[in-house]
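Please read them alongside the sequence and the coordinates.

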Amino acid sequence: MAANNSSTAAPDVRFVVPDHIVRREFVEETVILNLKTGKYHGLNPTAAKMLDTLERTGTIAEAAAELADLYGQPPEVIREDLADLCEAMTERGFIEKVAPVDAHP
Amino acid sequence: MRYRAYGIEVQSEFPISSLPASEGSGPATLRLRVAADEEVGRRAAESEGRSVERIVHPDGEVGLQIDEHPSGYRMEVGPFGRYFLGTSPLEALCAPADVEPWRRERFLVARVLPVAALLSGYELLHASAAEVGGMAIAILGASGAGKSSLALRLGLAGLPILTDDLLCVAIAEGRVLAHPGTRLIGIREAEHRLLTAADRARLGDPVDRGDKHYGQVEPAGAPVPLRVLYRLRRGAEADQVAFTRVGAPDPQLLLGSTFFAQLQLTEERLVRQLDVYRLLAKQAELFSVEIPRGVTAAEVAGEIERHAAARAGEAVSG
């Protein structure tokens, strides 16, 4: 998996959940376990849904389109929320940005 | 001699009165062997250890020390002996050879066996527990909250006891099962004074072992699904014992109740722990037990028994 450290969370940047991140859904929250650090983190149901959708679709743009339908919100609002969440989750190592294939020779 | 406790089959060179006997005939999970101090020291010296649990008394004396080594765990508790629990194969060397049996037994059942259970794929919650109507109920609370006293009173009321301090759990067939621990039950001095002659006789005439009295209760015979968790809250304003349904046990509570949280920090254990707790959160109910001042452990135990029996009844009819 190729990851970069760019700080921009552009709508078409692709994200993945790395192998060292394990998550389990509890009744009122999702617990994320970072196997590299042994630390646990909690996600509320909305953030957990965003992470699930982002993992499945790969980009903020695609995830936002799907979530906008689900929550009945304008896609640009969801995109903004997702970008903020992605930044916070990237900082904590829950997700990683994947370099586009054509970025390498 | 063959025993079963904390989910594991134990083959021992010496008798252990507080463990339920087993008729298992397959290979034992854990072997116990009496060893000289030198042998325990030699095994520990083979590699460098990492301290994972240490209790130091106010006078500076080390009360308990557990070190994790690549090949096992070195455990020492002042007057109760020294152990090396090797992981491959799972075998505990128990030293010194001439220690009084109860001293060896006390630490063995309180620490060595639970660590062996952990290494065998079980999780441990800091809780006392009993069996009510075919299900397990667990009582959570910090040290001194009254977990052991409630287990004692539930045992005296005739309920099979799973543990007075360390609850061993594992997933089997999509459920979290609570496994019986040992017969041994710790009794605080204040609780010991309240025991009647009949109570004492049922507990096998509890003996004073220095800081606590120890008796024996009837252990549960088999693992049962863990369905109800009680969290004790003392000093409540209420004028009687009250139960408040909190909902599902939350991960913070469960992770915070993990025993030996610093041991065996492997990916496998961390993921297993999360899987057990996730399932428990789905399958178990959590109640806060508000306990007014002046209410005895026997009274609280009676209320918990009635409450748990009603939950068990609902589970059956539901």
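1. I begin with helix α1 of chain A, where the buried residues are A47(A), A48(A), M50(A), L51(A), T53(A), L54(A) and T57(A). The cover over these buried residues includes β2 (14-16), β3, β4 and β5 of chain A, together with the helices α2 (60-71) and α3 (75-91) of chain A. Please keep in mind throughout that this is a predicted model.

2. The helix α1(A) has 13 residues, and the distance from its first C-alpha to its last is 18 Å, close to the 18 Å expected at 1.5 Å a residue. At its N-terminal end the cap is N44(A), which places a side-chain oxygen 3.1 Å from the backbone nitrogen of T46(A). After the helix comes G58(A), with a positive phi near 100 degrees.

3. One of the bridge pairs is R24(A) with V31(A), the latter in β4(A).

4. Turning to chain B, strand β12 (residues 166-172) is joined to β13(B) by five bridges, and the two run antiparallel. Here I171(B) has V176(B) of β13(B) as its bridge partner. The two strands form a hairpin with two residues between them, and E173(B) in the turn has a positive phi of about 50 degrees. Strand β13 (residues 175-179) of chain B is mostly covered, with four of its five residues buried.

5. The largest nonpolar core has 42 residues, and those with the most contacts inside it are L30(B), L32(B), M75(B), L85(B), L108(B) and L113(B). Helix α2 (residues 101-119) of chain B gives the most to this core, contributing 10 residues. Leaving aside neighbours within four places in sequence, L108(B) is in contact with F14(B), I16(B), L32(B), Y83(B), C94(B), L113(B) and P114(B). Another core lies apart from it and has 33 residues, among them L33(A), A136(B), L167(B) and L270(B). As background, nonpolar side chains in soluble globular proteins tend to be buried together.

6. Is E285(B) buried or exposed? The residue is found in strand β19 (residues 285-292) of chain B. Its relative accessibility is 16%, so E285(B) counts as buried, the cut-off being under 20%. The side chain of E285(B) makes a polar contact of 2.9 Å with the side chain of R245(B). Not counting residues up to four places away in sequence, E285(B) touches R227(B), V228(B), L229(B), R245(B), G247(B), P249(B) and R311(B).

Definitions and conventions:
Residues are numbered from 1 along each chain as its sequence is written. Chains are lettered from A and ligands numbered from 1 in the order in which they are written. This is a predicted model: local features need pLDDT of at least 70, side-chain atom pairs count only at pLDDT 80 or more; totals for chains, interfaces and linings use all residues. Side-chain values use heavy atoms; hydrogens and water are left out. Two strands pair if DSSP finds at least two bridges between them. Buried means under 20% relative accessible area, exposed over 50%, partly exposed in between (1.4 Å probe, protein chains only). A polar contact is a pair of N or O atoms within 3.5 Å; within protein, one must be able to donate a hydrogen and the other to accept it, and residues adjacent in sequence count only if both atoms are side-chain atoms. Contact means heavy atoms within 4.5 Å. A nonpolar core is a set of buried Ala, Val, Leu, Ile, Met, Phe, Trp, Tyr and Cys residues joined through side-chain atoms within 4.5 Å. The expected span of a helix is 1.5 Å times one less than its number of residues.
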